[in-house]
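Here's a quick briefing to read with the model open in your viewer.

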Amino acid sequence: MGFSSVLVPLVLFVVHVSAVDEEPVLPFSEYLDQGSTVMLRWGFDTLKDTIVFEVRANTTGWVGFGFSPNGGMNGADMVIGGVDTNGFYFTDRHGLGNSLPPLDLQQDYKLLALTEADGQTVMKLQRSIRSCDEDDLPITEMPIKLIYAYGQSDDISYHRRQRGTKEVNLLKYMPQAKISDSKYFDLTVTNFTIPAKTTHYHCKIMRLPEFDQKYHIYRVEPLLDNPDLVHHLLLYRCPPTVATPYEHTCYTVENITECNHAMAAWGVGGGAFELPEVAGIPIGGDGGKLLYRLELHYNNQKETSGVIDNSGFRFYYTAQLRQHDAAVLQTGLAVAPGYAIPPKAPGFLSYGLCDTTSIPQVLSEPTHDLQVFSILLHTHLAGRKMRVGHFRDGEQIDFLIKNEHYDFEYQQAVNLGETKTVKIGDKLLVECTYNTSNRSRLTWMGLSTTNEMCLAFLYYYPAMNISHCISFPDLQALFTKMGVNNEKDWLGLMSTKTWNETSVNDYQETLKRIEQNAIVVTASDNASYSTRTIPELKTTPPVRCERNRSEVMRLAVSLWLFVVLTAASALT
């Protein structure tokens, strides 16, 4: 008996006994892939707590659609459906890895329509915005990673390249801007030979095309020549003191860069990024005097030689200036020597503090609140979770962003769905959770992929001349607390220490409780240094989930039918 024939009777009967709501208007639409083969349309009713999706895929095989905490299969919530010779099949499933997703015990999605015609399969479904099934992901006012896959037949198997992910804010959707005078320019390396080593940072300092006036960048796209080797891209604006274009290896003793004001960022697994209609990244109007530093991090774990690369950014810009200039602020834990993460730690916590109180001390210009609209979170291979807590007057008032399922392979700037105001005097605490349970040596903060980072890049407006708001533990205070006098003795202690649950927790608490050096840096490298302590972050509150009585009854009937019909099908 085939996979679909077992499921058809269940689906037909459950759909029949469920009261299918009147089909709503589907005002929003997005292509989920670059080739425009998979289109999603949707609409929702927050009062009824329902959302309807219509997935159109250019295939006569099976179609999968769903939601993922990180863009991958692990932890994903999805449906799989299609039309075959026996009728149609449709199931609610959850991902446990790169294998056929198992069925949810509760089949919570309603199938509204499933058709196949002219080489296209159309699947229309309805679910609650908030889900009470532990295998389903809730839809909130934050962007969510949509996943899709399809096959050329009804044999559900690994989908190779016929899959993808796209992040969309379903409840606060912002369609791509249509700009009448839109133009673009590219900033890339040119025929650069990627070194045959595991990690390499390459920097190219260059001029932009000549602009006769000020423009606003409204969209940023990565141009990836070797997507399997490019780990991240960054573009920094240089101060006027940097006047000569050149290329070199980044972050060496000979090449300590002065260009540190981030302007755009992209991480592995990410896609294009579009700014809100009220803000744009300013370019031009400086007579072409300013230079920019393009940074590329190559992650060449196989040490492949002879690979030529031309990766970089594409920037779309317009002369229709928006209300505000936008900028990027780097927050979190300073990437500096002397910070160690112990081995055998399944959930080690690190912290980086941004204290905005110091911003007026380093700026000659007036300061103002930061309207944060997007954030790019960044760790390396050991990173598992990231949170950015927001504090005011000594109390935590919010999380700017949370990612409880951080995945190194899926890093992208996340639109927050709403602008969050950070007032001068507020503090931002970046928390990173690392899993080093499979490592036997210390992991150091540093540039290599096997090192670690704990950074949050904040996109905000109106722009200020600030590049970094970061912190780092006071190393002398750390040495004293651990009973040593200098770095050499501390390194010896750390490398010979027996790491277990008790020693890991003691070290984690020590790092958290000692004084922190809080640093605020301007684009022209003026800096403020102060001593701060790490505040307490709240636990992440669970998404509240409620069902009305009729919904409970419907699910009870569906579950009973699922058990009975599956047993009956197994006997035939």
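A polar contact here is a pair of N or O atoms within 3.5 Å, where, within protein, one must be able to donate a hydrogen and the other to accept it; residues adjacent in sequence count only if both atoms are side-chain atoms. Keep in mind that this is a predicted model.

**Around E167**
- The side chains of E167 and K145 make a polar contact at 3.2 Å.
- You'll find E167 in strand β10, which covers residues 163–168.
- E167 counts as buried because its relative accessibility is 18%, and buried means under 20%.
- Setting aside neighbours within four places in sequence, E167 touches P143, I144, K145, Q412, A413, V414 and N415.

**Helix α5**
- Helix α5 has 13 residues (501–513), so at 1.5 Å a residue it should span 18 Å; its end C-alpha atoms are 18 Å apart, which agrees.
- At the start of α5, a side-chain oxygen of N500 comes within 3.1 Å of the backbone nitrogen of T502.
- Buried in α5 are S503, V504, Y507, Q508, T510, L511 and K512.
- Those buried residues pack against several elements, including β26 (348–355), β34 (466–473), α4 (487–496) and β35 (516–522).

**The five-stranded sheet**
- This open sheet runs β16-β13-β20-β15-β17, with antiparallel pairing.
- β16 (246–249) and β17 (261–267) are the edge strands, each pairing on one side only.
- On average, neighbouring strands of the sheet are turned by 15 degrees against each other, direction ignored.
- Inside the sheet order, β13 (199–207) and β20 (291–299) run antiparallel and are joined by nine bridges.
- M206 has Y292 in β20 as its bridge partner.

Terms used: Residues numbered from 1 in each chain as written. Predicted model: local features only at pLDDT ≥ 70, side-chain atom pairs only at ≥ 80, totals over all residues. Heavy atoms only, no water. Helix = DSSP H or I, 4+ residues; strand = E, 2+ residues; numbered from the N terminus. Expected span 1.5 Å × (residues − 1). Buried < 20%, exposed > 50% of the residue type's maximum accessible area, 1.4 Å probe, protein only. Contact = heavy atoms within 4.5 Å. Pairing = 2+ DSSP bridges. Axes fitted to C-alpha atoms, helices over the stretch in contact; angles between N-to-C directions.
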